[in-house]
Amino acid sequence: MLNMRNNDHLDSIHIELQDIPDHHPAKLFYDYWERIKGAKDLPLRRDLLPPEIPSILPYIILLEAKFHNGRQDYFDRLEGEGIIEICGASDSKKFISEIMPKDKFEKRHKEFVMIGETKTPLFEMGHISYLDKAYIKVVRGAFPFSKEGDTADYFILILARADAQIMGR
């Protein structure tokens, strides 16, 4: 059965980093992403150390790029508790093509290809478009990572309410 909770966010728009408050989880993760990336084109997956970012972990979705059913897909390795709270359920340990409508999957796939090629994160703001949660405004950041250094084959998504703030990291 298709889990409709993964539809795109209602009225989502691309935003710039400077549009995100300094203490929002997406902004804090961007700062961390830049630090572990250093002079490399992409940060390595092994450089992502959860003990360094405990306050951001609830907002993380870790996706691994894999071939599945003859095409590129993304396996949901884990989701933080904040994601499950916002979404009402977990899709961890599933391929996103199996939980998203085809048109939404194609949009996400194109997004991951783009951020993988440009080696830069992407940010969106919008309202949740599933269940009865359209009142929840969220910011989403999508960040490319690499297993070996040259190809984006992992993606970290940060999803948090637009007004979420982490103080004192």
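**Entry 1: His24.** I began with His24, which, leaving aside its neighbours within four places in sequence, is in contact with Val139, Ala160, Arg161, Ala162, Ala164 and Gln165. I note here that I am reading a predicted model. I placed His24 in the loop between β1 (10-15) and α1, and I looked up its relative accessible area, which is 0%, so I list His24 as buried. A polar atom of the His24 side chain lies 2.9 Å from the backbone oxygen of Arg161.

**Entry 2: His68.** Is His68 buried or exposed? Its relative accessibility is 16%, and because buried means under 20%, His68 counts as buried. When residues up to four places away in sequence are not counted, His68 touches Asp73, Phe95, Ser97 and Glu98.

**Entry 3: the largest nonpolar core.** I then looked up the largest nonpolar core, which has 28 residues, and noted that Phe29, Ile56, Phe123, Phe143, Phe145, Ile156 and Ile158 touch the most other members. Helix α1 (25-37) and the strands β2 (60-68), β4 (122-127), β5 (137-146) and β6 each supply at least two residues of this core, and α1 gives the most, with 7 residues. As a general remark, nonpolar side chains tend to be buried together in soluble globular proteins.

**Entry 4: aromatic rings.** How many aromatic pairs does the structure hold? I found 12 aromatic pairs, and I looked at one of them, Tyr74 with Phe155, which is edge-to-face, at 5.8 Å centre to centre and with 75° between the planes. Tyr74 lies in strand β3 (residues 71-79) and Phe155 in strand β6 (residues 152-161), so this pair ties together parts that are 81 residues apart in sequence. Both Tyr74 and Phe155 are buried. Elsewhere I traced a cluster in which ring pairs link Phe29, Tyr30, Tyr32, Trp33, Phe123, Phe143 and Phe145.

**Entry 5: charges over rings.** Last, I looked up side chains placed over ring faces, and noted that Arg45 lies over the face of Tyr154, at 5.9 Å from the ring centre, while Lys66 lies over the face of Phe75, at 5.3 Å from the ring centre.

Methods:
Residues numbered from 1 in each chain as written. Predicted model: local features only at pLDDT ≥ 70, side-chain atom pairs only at ≥ 80, totals over all residues. Heavy atoms only, no water. Phe/Tyr/Trp six-rings, centres within 6.5 Å; stacked < 30°, edge-to-face > 60°. Helix = DSSP H or I, 4+ residues; strand = E, 2+ residues; numbered from the N terminus. Buried < 20%, exposed > 50% of the residue type's maximum accessible area, 1.4 Å probe, protein only. Lys NZ or Arg CZ within 6 Å of the ring centre and 35° of its normal. Core = buried A, V, L, I, M, F, W, Y, C linked by side-chain atoms within 4.5 Å. Contact = heavy atoms within 4.5 Å. Polar contact = N/O pair within 3.5 Å; in protein donor to acceptor, adjacent residues only side chain to side chain.
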